[in-house]
Amino acid sequence: MSSQPRSTGRPLWLETAAIALLMTATLKIMANATISPALPALEASFPNEPAAAYLTRFLVAAPSLSVVLIAPFAGLAADRFGRGPLLLAGVLLFAFAGSAGAYLPDLQSILVSRLLLGVAVAMTMTAQVALVGDLFSGQRRSAFMGWQTAAINFSGFLFIGFAGWLAGLSPRLPFLVYMLPVLLVPLLLPILQQERNTRRESAASTAANADLAPQKGWLVPALAVGLLTMVTVMFFFLMPSQLPYYLDENGIDSASGTAMGLGALTLTGGLVAIAYKRISSLVGLSASFGIGFVLMGLGFAILSIDALWPLILGGAALVGAGYSLVQPSFLLLALQVAPEERRGSVSGIVTTAMFLGQVVSPLVLTMPIQDFGFATVYRGTALALVLFAAAGFSLLLFRPFRPRHAG
């Protein structure tokens, strides 16, 4: 790809490429959350399936497992064959595999389609992050990452609400929501043409500068970013995976309570994400990490005090606000440590880390919760996040972060 991303200078919401990439980013939350309202009715529709209870619950997590396994290879494919073709193929596969649950005859085949949906998510997420690095730089890249986080937060409301209404009509209808990304195809075609042009220019530039060695030393920093991303997502995922059990243990209706708690988290996170560009340009990337981790730590510390509604909603809101500063910062940092020819590979590493954090969160944290209680785990999580914040702030004193490309 060209070393200088093209920019029209127009606002992001007026650029076709930006709109397409923002909408593609929302597929991540669509993949897991859309069928959740239909699960009880879907289980009941297979009365002769002895493993229906287990299989229906695994339908939500199945795509994440595929993403963990496939995303690194999707990153290599993005670097080898181009980000645009991989993104387009992923969107089409997403629509086909996701909607298959509307007509497949049994839970086993629906489970296979969900695993295939995870392959599509790995392709789209990896290619999408790499394309953001190719097409935007400096403050425009920061602005895009903030808008992307906001789009993911707000789209969760829309997808789940729409799917919930459809689930009231039939447990199979929510699967048809997965057909919506087909509408993105006309917006993605110009990206393919732009990528072909820039790849030709890059090939000509490489031939003219054949004596310049490719940049090395990117793998260890990329793996470090991936590890920190995985651990952070593991802690963050305490909210959607463990909040219902926390509320139930304290005598609060878990269904409505979880909706209210996660609603406060996503709404606050979406609002903070909109302001991400302004915050990050004012304080810098290291301080954005530090502030985000502090807010997340405060949120979990408040949750550890008592199961009272002001504390539950306040703690959830702080966790959401902090994560909306940390998540785009991870993506920006990953794109900064990645050489242009390795952006796909590094995007694959970070995508794997995000979904692996979701998978390992209940596996790692459920046992400590059972042994020591929610309050102790929340306090331990708060302490770990404050230590992460201290590391972020320390970079301001010892090793200030400086972007590789000018804004």
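# A chat about a helical chain

Mentor: Let's open with one pair. Phe162 and Trp165 both sit in helix 7 (residues 138-169), 3 residues apart, about one turn of the helix. Helices (H or I, at least four residues) and strands (E, at least two) are DSSP runs, numbered from the N terminus.

Trainee: Got it. What kind of model is this?

Mentor: It is a predicted model: local features need pLDDT of at least 70, side-chain atom pairs count only at pLDDT 80 or more, and totals for chains, interfaces and linings use all residues. Residues are numbered from 1 along each chain as its sequence is written, and side-chain values use heavy atoms, with hydrogens and water left out.

Trainee: Back to the pair. Why is the pair Phe162 and Trp165 called stacked?

Mentor: The ring centres of Phe162 and Trp165 are 6.2 Å apart and the planes are at 15°, so the pair is stacked. Rings of Phe, Tyr and Trp (its six-membered ring) pair if their centres lie within 6.5 Å; planes under 30 degrees apart count as stacked, over 60 as edge-to-face and the rest as tilted.

Trainee: Is Trp165 buried or exposed?

Mentor: Trp165 is exposed, with a relative accessible area of 54%. Phe162 is partly exposed, at 38%. Buried means under 20% relative accessible area, exposed over 50%, partly exposed in between (1.4 Å probe, protein chains only).

Trainee: How many aromatic pairs does the structure hold?

Mentor: It holds 12. Ring pairs also link Tyr246, Phe300, Phe374 and Tyr378 into a cluster.

Trainee: Let's zoom out. How many helices and strands are in the protein chain?

Mentor: The protein chain has 16 helices and 0 strands.

Trainee: And how much of the chain is buried?

Mentor: Of its 407 residues, 53% count as buried. The accessible surface of the chain is about 17,600 Å², and 70% of that belongs to carbon and sulfur atoms. Accessible areas come from the Shrake-Rupley method with a 1.4 Å probe; for residues, only the protein chains shown count as cover.

Trainee: What about contacts across the sequence?

Mentor: Take the contacts in the protein chain with a separation of 6 or more. Residues 24 or more positions apart account for 85% of them. Contact means heavy atoms within 4.5 Å.

Trainee: Show me two helices. At what angle do helix 4 and helix 6 pack?

Mentor: Helix 4 (residues 52-81) and helix 6 (residues 107-135) pack at about 30°, with axes 7 Å apart. Axes are lines fitted to C-alpha atoms, for helices over the stretch in contact, and angles run from 0 to 180 degrees between N-to-C directions. Their contact has 20 nonpolar, 6 polar and 1 charged residues. Ala, Val, Leu, Ile, Met, Phe, Trp, Tyr, Cys and Pro count as nonpolar, Asp, Glu, Lys and Arg as charged, and the others, Gly among them, as polar.

Trainee: Does helix 4 pass helix 6 in a left-handed or right-handed crossing?

Mentor: Right-handed. A crossing is left-handed if the near helix is turned anticlockwise from the far one by less than a right angle, and right-handed if clockwise.

Trainee: Where is Leu39 found?

Mentor: Leu39 is in helix 3 (residues 39-44). Leu39 is buried, with a relative accessible area of 15%. Not counting residues up to four places away in sequence, Leu39 touches Thr56 and Val60.

Trainee: New topic. How close do the axes of helix 9 and helix 15 come?

Mentor: The axes of helix 9 (residues 219-236) and helix 15 (residues 343-372) come within 7 Å and cross at roughly 35°. Helix 9 passes helix 15 in a right-handed crossing. The residues of this contact divide into 17 nonpolar, 5 polar and no charged.

Trainee: Which residues of helix 9 meet helix 15?

Mentor: Leu219, Ala222 and Leu223 are among them. The helix 15 side includes Val346, Ile349 and Val350.

Trainee: And Val220?

Mentor: Val220 is in helix 9 too. Val220 counts as exposed, at 64% relative accessibility.
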